[in-house]
Amino acid sequence: MKYSLLLFLFILVGCAGSDRYSGNPVIDGWYADPEGLILDNSYWIFPTFSAPYSEQVFLDAFSSDDMVEWEKHSRIIDTSAVRWANKAIWAPSVAEKDGRFFLFFGANDIQSDSVTGGIGVAVAESPAGPYSDYLGHPLIDRFYNGAQPIDQFAFKDKDGSYYLIYGGWGHCNITKLSDDFTGLDTLADGSLFKEITPEGYVEGPFMFIRDGKYYFMWSEGGWTGPDYSVAYAIADTPFGPFTRIGKILQQNPAIATGAGHHSVIHREGTDDWYIVYHRRPLGQTDANARVVCIDMMEFDDKGFIMPVVITDKGVIRVTGN
Ligand code: FUB
């Protein structure tokens, strides 16, 4: 009798404990390239639907008040609403501006300037959409400085200006968005696109500011393999120069492989930083078998990012943001 009571209490405490953590993956289904951010006082994840390119014709989004319970918002954008896009809708990045939500996305996986596609922008009144095509054509529809127009990240600088940092095929550009997001403005040096590619860069750029410094992060390795990973650099401006410091996210053969293409959420007023990324569950080898996970990202006392410990338990429930 005593033994069964103890067992019951043990199970109860165990369940309550696990309920306090998000678990990894944090959302169900095959998803990749997650952008995590705070919008309208909630946590949001905007991922790529990880499937063959011809099936990547929509995006889902997920929201949460505590990082543990996530609500799915299906098909927030669909290629039926973007007449120039027909496959490979990738790596969404969302920016809130003047009360509206702008979703930047890659489409069609263009391999040359002679085909239609590239980076587009869609707009909605709420983070959950529905998003409609903002321009009727791509915002960036060709290769500049060798960068394939994919993997865009909408970065807001200290002065409120927005930039797109983007690029595949081993090249990364920064370009300034015009105030109404209908086009691009020239940079201070008169150019439209400045290449900021650091050593090792492959794709998936991300940038944030901490203690006045610009942290630039990117994916290395091949996204279909186990060695996909994330490295970073620090500079005094968003234009660099960026010197690679080292890898901070990679596979752990005991947990998962191919950990890469990430984003970072910071809880304002705290030093709590979360890395949102995709990885491949053990035993899976299919390129699209990718799931979205969250773990803590920590800094040392000099401001360097510590290697991320990837976990199955994820992050602890948060209250407020
Ligand atoms: O999901 C499609 C592509 O895979 C992304 O654009 C790349 O960054 C890689 O994660």
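Trainee: How much space lies in the second largest pocket of this model?

Mentor: About 210 Å³ of space lies in that pocket, a pocket being an open set of points on a 1 Å grid over the protein atoms alone, with protein on both sides within 12 Å along at least five of seven lines. The volume is the space filled by probe spheres set on points joined across faces, edges and corners. The model is predicted, and local features need pLDDT of at least 70 and side-chain atom pairs 80 or more, while totals for chains, interfaces and linings use all residues. Residues are numbered from 1 along each chain as its sequence is written, and side-chain values use heavy atoms, with hydrogens and water left out.

Trainee: Which residues lie nearest the centre of the second largest pocket?

Mentor: Tyr-53, Trp-90, Ile-150, Glu-203 and Trp-223 lie nearest the centre, out of 17 residues in the lining, where a lining residue has an atom within 4 Å of a point. That lining divides into six nonpolar, six polar and five charged residues; Ala, Val, Leu, Ile, Met, Phe, Trp, Tyr, Cys and Pro count as nonpolar, Asp, Glu, Lys and Arg as charged, and the others as polar.

Trainee: And the ligand, which residues are around it?

Mentor: Trp-90, Glu-203 and Trp-223, named above for the pocket centre, are among the residues around the ligand, each with a heavy atom within 4 Å of it. Asp-33, Thr-48, Asp-151, Tyr-228, His-261, His-278 and Arg-290 are also in that set.

Trainee: What lies 2.7 Å from an oxygen atom of the ligand?

Mentor: That is a polar side-chain atom of His-261, while an N or O atom in the side chain of Arg-290 is 2.9 Å from a ligand oxygen and a polar side-chain atom of Glu-203 lies 3.4 Å from one. Taken alone, the ligand exposes 280 Å², and the protein buries 99% of that, with areas from the Shrake-Rupley method and a 1.4 Å probe.

Trainee: Back to the spaces: what is the volume of the largest pocket, and what lines it?

Mentor: Its volume is about 890 Å³, and of its 23 lining residues Leu-37, Ile-38, Lys-156, His-266 and Glu-268 are the closest to its centre. Strand E1 (31-39) gives the most to this lining, with five residues, strands being DSSP runs of E of at least two residues, numbered from the N terminus. The lining divides into 16 nonpolar, three polar and four charged residues.

Trainee: How many cavities of 30 Å³ or more are there?

Mentor: The count comes to one, a cavity being a set of points where a 1.4 Å probe fits but cannot get out. The volume of the largest cavity is about 90 Å³, and Glu-35, Pro-92, Gln-152, Pro-205 and His-261 are the closest to its centre among 15 lining residues.

Trainee: What about Arg-75, is its phi positive or negative?

Mentor: Phi of Arg-75, in strand E4 (residues 71-78), is positive, near 45°. Most residues other than glycine have a negative phi, and most peptide bonds are trans.

How values were computed
Helices (H or I, at least four residues) and strands (E, at least two) are DSSP runs, numbered from the N terminus. A polar contact is a pair of N or O atoms within 3.5 Å; within protein, one must be able to donate a hydrogen and the other to accept it, and residues adjacent in sequence count only if both atoms are side-chain atoms.
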